[in-house]
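Me: Got a model open here. Can you walk me through the packing?
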Amino acid sequence: MTLKFGDKMKIEVLGTGCAKCLDLERKTKEAVAKTGVKATVEHVYDVEKIIAMNVFSTPALVIDGKVVFSGRIPGVDELVKIIEKRRK
């Protein structure tokens with residue numbers, strides 16, 4: 001998906017609220033700030049919603065409805081690259 005001028009990227013962190021999931025949320029917000037991308041970052045805690053997205057290993061990251069990874073926590077620099085790639 002290519003964002004048009006003025007569009008806002010929707011980023012979702014999937015996880016039940018464990019320390020790893022909260023760490024991914026923090027790092028994702030930091031990465032968004034570094035990129036300057038207009039984005040909303042939401043944390044999805046609901047297990048049924050997470051399973052409905054075909055995610056069975058958390059934490060996971062979803063950008064504009066597409067699961068980009070699950071079961072790990074990348075560093076901020078990798079998250080920046082992921083966000084910038086999805087922006088194009």
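Me: Leaving aside neighbours within four places in sequence, what is Ile83 in contact with?
Reply: This is a predicted model, where local features need pLDDT of at least 70, side-chain atom pairs count only at pLDDT 80 or more, and totals for chains, interfaces and linings use all residues. Residues are numbered from 1 along each chain as its sequence is written, and side-chain values use heavy atoms, with hydrogens and water left out. Ile83 is in contact (heavy atoms within 4.5 Å) with Met9, Ile11, Thr28, Ala31, Val32, Thr35, Val37 and Ile63, sequence neighbours within four places aside.

Me: Which residues have the most contacts inside the largest nonpolar core?
Reply: Met9, Ile11, Leu61, Ile63 and Ile83, in a core of 16 residues. A nonpolar core is a set of buried Ala, Val, Leu, Ile, Met, Phe, Trp, Tyr and Cys residues joined through side-chain atoms within 4.5 Å. Buried means under 20% relative accessible area, with a 1.4 Å probe and protein chains only.

Me: Which element gives the most to this core?
Reply: Helix 3, with 5 residues. Helices are DSSP runs of H or I, at least four residues; strands are E, at least two; both are numbered from the N terminus.

Me: What's in the second core?
Reply: That separate core has 6 residues, including Val44, Ile50, Val55 and Val62.

Me: Where does Val62 stand?
Reply: Opposite Val67 in strand 4. Strands 3 and 4 run antiparallel, joined by 4 bridges; pairing takes at least two DSSP bridges.

Me: New topic. Why does Glu12 count as buried?
Reply: Because its relative accessibility is 9%. Glu12 sits in strand 1. Beyond four places in sequence, its contacts are Glu42, Val44, Met53, Ala60, Leu61 and Val62.

Methods:
Buried means under 20% relative accessible area, exposed over 50%, partly exposed in between (1.4 Å probe, protein chains only).
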